[in-house]
Amino acid sequence: MELKLIKTERDYRKALERLDEIFDAKIGTPESDEADVIGLLVDEYEKKHYPIEAPDPIEAIKIRMEEMQLKQKDLVGIIGGKSRVSEILNRKKKLTVEMVRILAQRLNLSAQILINDYNLTK
């Protein structure tokens, strides 16, 4: 395949087809190098045309809790009592600065994600 920037949806589909053909190429072969380059081109096209938004703070916390196999009760004593944890995770109350600091450290989350605004439920 002639390597070129992916500018159209047709280019994108062709690149994916080619990548599928050479995906399992032996490392160090020209096909393997081609797969690496096509992978980078596809990634750039997808970032521009199919962006994935970062989750809001509460969703990020829930995702990390799932990854770490934590339950809601595991946050009791970390960000407050049982009712406070419930209020936060159910979007009844906003995170405080202190909660952001603690969650960033304990859950290894970026404080930048946790300080983003989000809507409360009524």
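Trainee: Which residues does Met65 touch, not counting residues up to four places away in sequence?
Mentor: Keep in mind that this is a predicted model. With that said, Met65 touches Leu70, Lys71, Gln72, Leu75 and Leu89.

Trainee: Where does Met65 sit in the secondary structure?
Mentor: Met65 belongs to helix α3, which covers residues 57-67.

Trainee: And is Met65 buried or exposed?
Mentor: Met65 is buried, because its relative accessibility is 6% and the cut-off for buried is under 20%.

Trainee: How far is Met65 from Leu107 in space?
Mentor: The C-alpha atoms of Met65 and Leu107 are 7.6 Å apart, while in sequence the two residues are 42 residues apart.

Trainee: Now the whole chain. How many helices and strands are there?
Mentor: There are six helices and zero strands. In sequence order the pattern reads α-α-α-α-α-α.

Trainee: What is the radius of gyration?
Mentor: The chain has 21 Å, whereas a compact globule of 122 residues would be near 14 Å. Along the principal axes, the C-alpha atoms fill a box of roughly 60 × 30 × 20 Å.

Trainee: How much of the chain counts as buried?
Mentor: The buried share is 28% of the 122 residues. The chain exposes about 8900 Å², with 51% of that supplied by carbon and sulfur atoms.

Trainee: Last topic, charges. How many positive and negative side chains are there?
Mentor: The chain carries 22 positive and 23 negative side chains. The centres of those two sets lie 11 Å apart.

Terms used: Residues numbered from 1 in each chain as written. Predicted model: local features only at pLDDT ≥ 70, side-chain atom pairs only at ≥ 80, totals over all residues. Heavy atoms only, no water. Helix = DSSP H or I, 4+ residues; strand = E, 2+ residues; numbered from the N terminus. Rg over C-alpha atoms; globule rule 2.2 N^0.38 Å. Buried < 20%, exposed > 50% of the residue type's maximum accessible area, 1.4 Å probe, protein only. Areas by Shrake-Rupley, 256 points an atom, 1.4 Å probe, with all protein chains shown as cover. Lys, Arg positive; Asp, Glu negative; His and termini not counted. Charge placed at Lys NZ, Arg CZ, Asp CG, Glu CD. Contact = heavy atoms within 4.5 Å.
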